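Here are some notes to go with the model, as promised. Have it open while you read.

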Amino acid sequence: MTDQLLDAAEFRSTVRAFANHEIHPGAAFRDETREFPAELVKRLGEQDLMGISVPEEFGGLGLSTKTQLIAIEEIARTDAALASIYTAHYLGLEPILVGGTQEQKRRWLPGLASGELLAGFALTEPDAGSDIASMRTTARREDDGWHLSGSKTYISNAKEADLVVLFAKTDPSAGFRGITAFVLPQGTPGVSYSEPQDKLGIRSAPTYTVYLDDVVLPHDAVVGTEGRGGNIALTALNRARIDVAAMANGIALRAWELGRSYAAERKQFGHPIAEFQAIQLLLGACDAQLVSSRVTADWAADVKDTGADLRRAASVSKYVATEACFSIVDQTVQIHGGAGFMRESEIERLYRDCRILRIFEGTSQIQLLTIASNAPSPRSTEF
């Protein structure tokens, strides 16, 4: 085994031990109470997990995307809600990393990478989901800065984050090219929030509607340059889709573990149900789907780190992993039978948690459209 593989195995073992010991024990309670896991978010920073792929010059570890996927997968395996907070943090810092000025990177990235600061990402609006060009939040330039008005919805980490990268129209007549990204620090006057939205799953990862009432930001709050927000948003979302794939793989891995364990313990007709061919077929299908989706996520991570166009690989990885995750969780609920339908069952929580993965950061249908429009030519040797 190569040193690289040994390092990856050691890293996974370290993160898994931390997740098993500190994250998993309270996951069911946090789901029930919708309690934001502030101490665990702090612990992620203390474990050097908040800036894995951020370059060392900006306070991160400068490691590969594949390494970051290991951390996401292991956290999601123990608590999908915490994994959602964690991936939203990376989504929030990505626009600064890929589109920010050197001054913005030096100002914000070290704190984000160390875990001293938590990030969020505010793009979606009530009437602007997949079609970001239809957003209605506006920003107009005045002598004293940018004046922002409008609202965003389903925003993860919005109230808890120290800063949110928020997108607004600076030229409403320019459509996609009229979108600009802004750094919105916590505590900015004119910003208010709804109550945490009551969700089916990932319940301790709060989302909010964010209201902007003539919010004034300094001129240097623009991420990069005016009018580049649409491109910055899509670049960040492509990166986030690989993270969601890893999150799906973590949930699927836990479901598969629970399915195998229950099948070995549950007896019917005098035998463990794991001896029955029908159960073996379900577990075999889960195994094959999980292996396939993990390989696909690793492929997308490699594409990201080579600097190649990420759109197709990101969409393939998210589509394959999230659809596989839903299938795996559903099949392992079937293995559990009636016990899997009970609220005290861990697999029941996984069933609720996994459903959002096929929706956020671009629905499965949007992924298929992206894949189709970015397919290689028939003569291409590209994978």
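Which element gives the largest share of the lining of the second largest pocket? Hold that thought until point 1, and keep in mind throughout that this is a predicted model.

1. The answer is α1, with seven residues in that lining. Helix α1 covers 3–23, and α4, α7 and α8 (277–306) also give two or more residues each to the second largest pocket. The space in there comes to about 490 Å³.

2. Staying with the second largest pocket, 21 residues line it, and Ala 8, Lys 66, Thr 67, Ile 70 and Asp 298 lie nearest its centre. By class, the lining splits into 10 nonpolar, four polar and seven charged residues.

3. Now the largest pocket, which holds about 1,000 Å³ of space. Its lining takes in 39 residues; look for Thr 124, Ile 359, Phe 360, Glu 361 and Gly 362 if you want the ones nearest the centre. Elements giving two or more residues here are α5, β1 (119–122), β3 (145–156), α7 (229–265) and α11 (364–373).

4. What is the lining of the largest pocket made of, by class? You'll find 17 nonpolar, 15 polar and seven charged residues.

5. Helix α4 (residues 65–78) and helix α5 (residues 80–99) are worth a look as a pair: their axes come within 6 Å and cross at roughly 150°. Angles over 145 degrees count as roughly antiparallel, so α4 runs roughly antiparallel to α5. On the α4 side the contact uses Gln 68, Ala 71, Ile 72, Ile 75, Ala 76 and Thr 78, while α5 brings Ala 80, Leu 82, Ala 83, Tyr 86, Thr 87 and Tyr 90. Sorted by class, the contact has nine nonpolar residues, three polar and no charged.

6. On annotation, an unreviewed UniProt entry lists residues 9–116 as "domain: Acyl-CoA dehydrogenase/oxidase N-terminal". In the model that span is 72% helix and 0% strand, and its end C-alpha atoms lie 27 Å apart.

7. The unreviewed entry in UniProt also gives residues 120–215 as "domain: Acyl-CoA oxidase/dehydrogenase middle". Here the make-up is 0% helix and 48% strand, with the end C-alpha atoms 17 Å apart.

Note on methods: Residues are numbered from 1 along each chain as its sequence is written. This is a predicted model: local features need pLDDT of at least 70, side-chain atom pairs count only at pLDDT 80 or more; totals for chains, interfaces and linings use all residues. Side-chain values use heavy atoms; hydrogens and water are left out. UniProt positions are given in the numbering used here, feature names are shortened, and annotations may be inferred rather than shown by experiment. Helices (H or I, at least four residues) and strands (E, at least two) are DSSP runs, numbered from the N terminus. Axes are lines fitted to C-alpha atoms, for helices over the stretch in contact, and angles run from 0 to 180 degrees between N-to-C directions. Angles under 35 degrees count as roughly parallel, over 145 as roughly antiparallel, 65 to 115 as roughly perpendicular and the rest as oblique. Contact means heavy atoms within 4.5 Å. Ala, Val, Leu, Ile, Met, Phe, Trp, Tyr, Cys and Pro count as nonpolar, Asp, Glu, Lys and Arg as charged, and the others, Gly among them, as polar. On a 1 Å grid over the protein atoms alone, a cavity is a set of points where a 1.4 Å probe fits but cannot get out, and a pocket is an open set with protein on both sides within 12 Å along at least five of seven lines; lining residues have an atom within 4 Å of a point. Grid points are joined across faces, edges and corners, and a volume is the space filled by probe spheres set on the points.
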